[in-house]
Amino acid sequence: MARHSLRSLGLWLLAAAAVITAIALASPGRSATDHDHDDHPHLDLHNGLLVSTRTVLRICVQPGDHRPAIESSVLGALDEVRRHPYWRAAYGRAQYARSTVLAWGCPAPRLPERYEPKGTVAGPGVTAEPSPYRVWLYVLDEPTADRVLGPDRDAGTASAEFMRDSAGAFPVSTALLVRERRLADTAALARDLSTALGLGTQ
Amino acid sequence: MRKLTVMLAAAAVLVAIPAQAAQASHANPDPFKHLHNMHYQSVEQFCVQSFDTAKVSHSSARSFVNQTLTQMGSGKVWDGLGSGRLQLHVTNNYCSAYDPTTRATIEIEVYYGWDWSGVCGAPVGYYNCVVHDNPVFDSARNHWDARWAYVYLVFSSGGRLDNVGRAFINHEFGHVWGLADHGVGSSSCNPPSIMHSTVVSYPCTNWPYWYPSPSDFQSVLRIME
């Protein structure tokens, strides 16, 4: 009798657990793990793109109108970044095409009032559907750079997008705020982009 | 049918159990979000800040967190784990007292407040959580981790200055080191863990203490490697 009761209880608990799982998985915004569905974006810490659904390195540029001078500077700096000793290990799985790496205009640009090296968010923040862009590049004119970065700073990185799970959040897109005149210095811009891409400087 | 109704009612009750530490955990099978410095023999500095100093002063919060993490005795604190790979040092002042450049050298910030639902999720005043920041590539391990972590504690649970508060601090620091939440619907309570204990409002009764379990320490050691 006792055994039978225990078996019934075990089955009951299993069934209840299945129902709980079904309810929990059906609830929006509270996924059981980061890996529920392969077609759903989840955090991927083995891939520099950081989101499972990203396959191509893409960088959005703000302001969004196509500017050949900016394009040329950034592509030149990216050529240097790709010679970073960690590039292959960090981004080797990601496709890279010089012709499509830059996109003009970020999906929800948001500049901070004032940049600080820590804790600044320059973008939408927490999102369940991160953009395709690993880096959000904000090119700032002089008055805006003076206001946001301060007169003594030419560039800074911040988080643009976070993905949240049950334990907290992790950034999946990095914002790079750059004073426009910085674009003339390819080596400096390459260092900034390396930092934004999580490679550090050489 | 009656059984199904009972099961659904029971399931609803279980789902409604408070989960104030943003859900429970085990060790991660995979490199999970964790602090970069924990892999190396370097100091992890942390600062502590209260967002309502009338409720808890900066110095009370600082003293309590430091005591919990470093002074409660061997086998009960995260400090010193991994032959010193975790070397937790509290800063002399609260976080925002530092200039931005100095603050950027502090790996972990701990915040006390009434409500972090904008960061940790609804409902208001309920969840504690950890946000990692500044992702960086670890070339030795071929994975990505984070240079900084922010620990958000609510006054109703993690921000209490008692053993409940200590349990939540240890739980959230488990997340800082990469211990994952267990997953909704998972039924295993083994190994015993501060990450799914009843003391942090989870259902597992086999670790009724405020400090990390031996398996928690082992799990973090594995992540450090």
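Mentor: Let's start with Asn93(B), which counts as partly exposed because 15 C-beta neighbours lie inside 10 Å. On that scale a buried residue has 20 or more other C-beta atoms within 10 Å of its own, an exposed one has 12 or fewer, and partly exposed is in between, with C-beta atoms placed from the backbone. Keep in mind that this is a predicted model: local features need pLDDT of at least 70, side-chain atom pairs count only at pLDDT 80 or more, and totals for chains, interfaces and linings use all residues. As for labels, residues are numbered from 1 along each chain as its sequence is written, while chains are lettered from A and ligands numbered from 1 in the order in which they are written.

Asn93(B) sits in the loop between β3 and α4 (100-103) of chain B. Helices (H or I, at least four residues) and strands (E, at least two) are DSSP runs here, numbered from the N terminus. In space, the C-alpha of Asn93(B) is 8.5 Å from that of Arg62(B), though 31 residues separate them in sequence.

DSSP has to find at least two bridges before two strands pair. Within this pairing, Glu44(B) stands opposite Leu88(B). β2(B) also has 5 bridges to β4(B), residues 108-113, again running parallel, and there Ser50(B) faces Tyr112(B).

Zooming out, chain B holds 7 helices and 7 strands, in the order α-β-β-α-α-β-α-β-α-β-β-α-β-α from the N terminus. Of its 225 residues, 48% are buried. Take contacts (C-beta atoms, placed from the backbone, within 7 Å): among those in chain B between residues at least 6 apart in sequence, 66% join residues at least 24 apart.

Now look at α7(B), residues 214-224, where Asp216(B), Ser219(B), Val220(B) and Ile223(B) are buried. Seen down the helix axis, these residues of α7(B) fall within an arc of 95°, so they line one face; that arc is taken over the directions from the axis to the C-beta atoms. An α-helix has 3.6 residues a turn, so residues three or four places apart point the same way. Pro214(B) and Arg222(B) are exposed on the other side of α7(B). The cover over the buried residues of α7(B) includes α3 (81-84) and α6 (163-176) of chain B.

The largest nonpolar core has 106 residues, and those with the most contacts inside it include Trp136(A), Tyr138(A) and Val151(B). Such a core is a set of buried Ala, Val, Leu, Ile, Met, Phe, Trp, Tyr and Cys residues joined through C-beta atoms within 7 Å. The biggest contribution to this core, 9 residues, is from β6(B), residues 143-154. Over in chain A, the residues Tyr138(A) touches, leaving out those up to four places away in sequence, include Gln62(A), Leu111(A) and Ala122(A).

Chain A itself has 5 helices and 6 strands, and 40% of its 202 residues count as buried. Among the buried residues of α5(A), residues 186-196, are Leu189(A) and Leu193(A), and the buried residues of α5(A) pack against α2 (68-81), β4 (135-140), β5 (155-164) and β6 (168-179) of chain A. Just after α5(A), Gly198(A) takes a positive phi of about 80°.

Technical notes
Contact = placed C-beta atoms within 7 Å.
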